[in-house]
Amino acid sequence: EQADRLLLLGDLLYHGPRNDLPEEYDPKQVIELLNAKKQHILCVRGNCDAEVDQMVLQFPIMADYCAIADGDTLIYATHVPACVPHDTYTCMNPGSVAIPKAGSWHGYMIMENGRFQWKTMTNEVKMEFADGKRIL
């Protein structure tokens with residue numbers, strides 16, 4: 001996507017004593033990939049992120065929330081998976097790129113010119129939003 005920034009919503013390394021990992025999941029490779037993009041990352045803490053994760057990642061991951069202003073669009077980011085429309089805004093979180101939950105797909109979102117697209121890792125647009133409303 002050649003994004004200017006990456007906004008990560010937590011559970012970056014997704015490990016610890018309470019989490020079973022798929023055999024193909026490689027947190028060390030995730031660390032390497034993310035640290036290479038550290039200048040472009042904004043991040044909030046997920047329920048599986050801990051101080052030990054912060055020790056290996058070279059950008060801040062422990063904030064409970066992040067606010068981003070982009071023209072008339074205000075993005076308030078937390079670790080809350082959802083896609084819920086409201087009167088004046090829509091609450092969106094694409095879930096997990098690596099380990100999706102609740103029957104969702106391996107996905108991510110992009111935002112360009114106030115328009116959000118929720119995509120699969122194969123670049124299929126699953127949902128699209130503009131002005132806080134779903135258009136696809």
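In this predicted model, the largest nonpolar core has 10 residues. Its members are L8, L12, L13, I31, L34, I41, C43, L57, F59 and I61. Two elements each give two or more residues to this core: helix 1 (27-36) and strand 2 (41-43). Neighbours within four places in sequence are left aside here. L8 is then in contact with L34, I41, L42, C43, V44 and F59.

D11 lies in the loop between strand 1 (6-8) and helix 1. Its relative accessibility is 18%. Buried means under 20%, so D11 counts as buried. The side chain of D11 has polar partners. One of its polar atoms lies 3.2 Å from the backbone nitrogen of N47. The side chain of D11 is also joined to the side chain of H79, by a polar contact of 3.3 Å. With neighbours within four places in sequence left aside, D11 is in contact with G46, N47, C48, D49 and H79.

Aromatic rings were examined next. A pair of aromatic rings is described by the distance of the centres and the angle of the planes. The structure holds 2 aromatic pairs. Y65 and Y76 form a stacked pair. Their centres are 5.5 Å apart, with 25° between the planes. Planes under 30 degrees apart count as stacked, which is why this pair has that label. Y65 lies in the loop between helix 2 (51-56) and strand 3 (66-70), whereas Y76 lies in strand 4 (residues 73-77). The pair therefore ties together parts that are 11 residues apart in sequence. Y65 is exposed, at a relative accessible area of 51%. Y76 also counts as exposed, at 56% relative accessibility.

W105 and W118 form a tilted pair. Their ring centres are 5.1 Å apart and their planes stand at 45°. W105 is found in the loop between strand 6 (90-92) and strand 7 (107-112). W118 belongs to strand 8 (residues 115-120). This pair therefore ties together parts that are 13 residues apart in sequence. W105 is partly exposed, at 24% relative accessibility. W118 is buried, at 7%.

Definitions and conventions: Residues are numbered from 1 along each chain as its sequence is written. This is a predicted model: local features need pLDDT of at least 70, side-chain atom pairs count only at pLDDT 80 or more; totals for chains, interfaces and linings use all residues. Side-chain values use heavy atoms; hydrogens and water are left out. Rings of Phe, Tyr and Trp (its six-membered ring) pair if their centres lie within 6.5 Å; planes under 30 degrees apart count as stacked, over 60 as edge-to-face and the rest as tilted. Helices (H or I, at least four residues) and strands (E, at least two) are DSSP runs, numbered from the N terminus. Buried means under 20% relative accessible area, exposed over 50%, partly exposed in between (1.4 Å probe, protein chains only). A nonpolar core is a set of buried Ala, Val, Leu, Ile, Met, Phe, Trp, Tyr and Cys residues joined through side-chain atoms within 4.5 Å. Contact means heavy atoms within 4.5 Å. A polar contact is a pair of N or O atoms within 3.5 Å; within protein, one must be able to donate a hydrogen and the other to accept it, and residues adjacent in sequence count only if both atoms are side-chain atoms.
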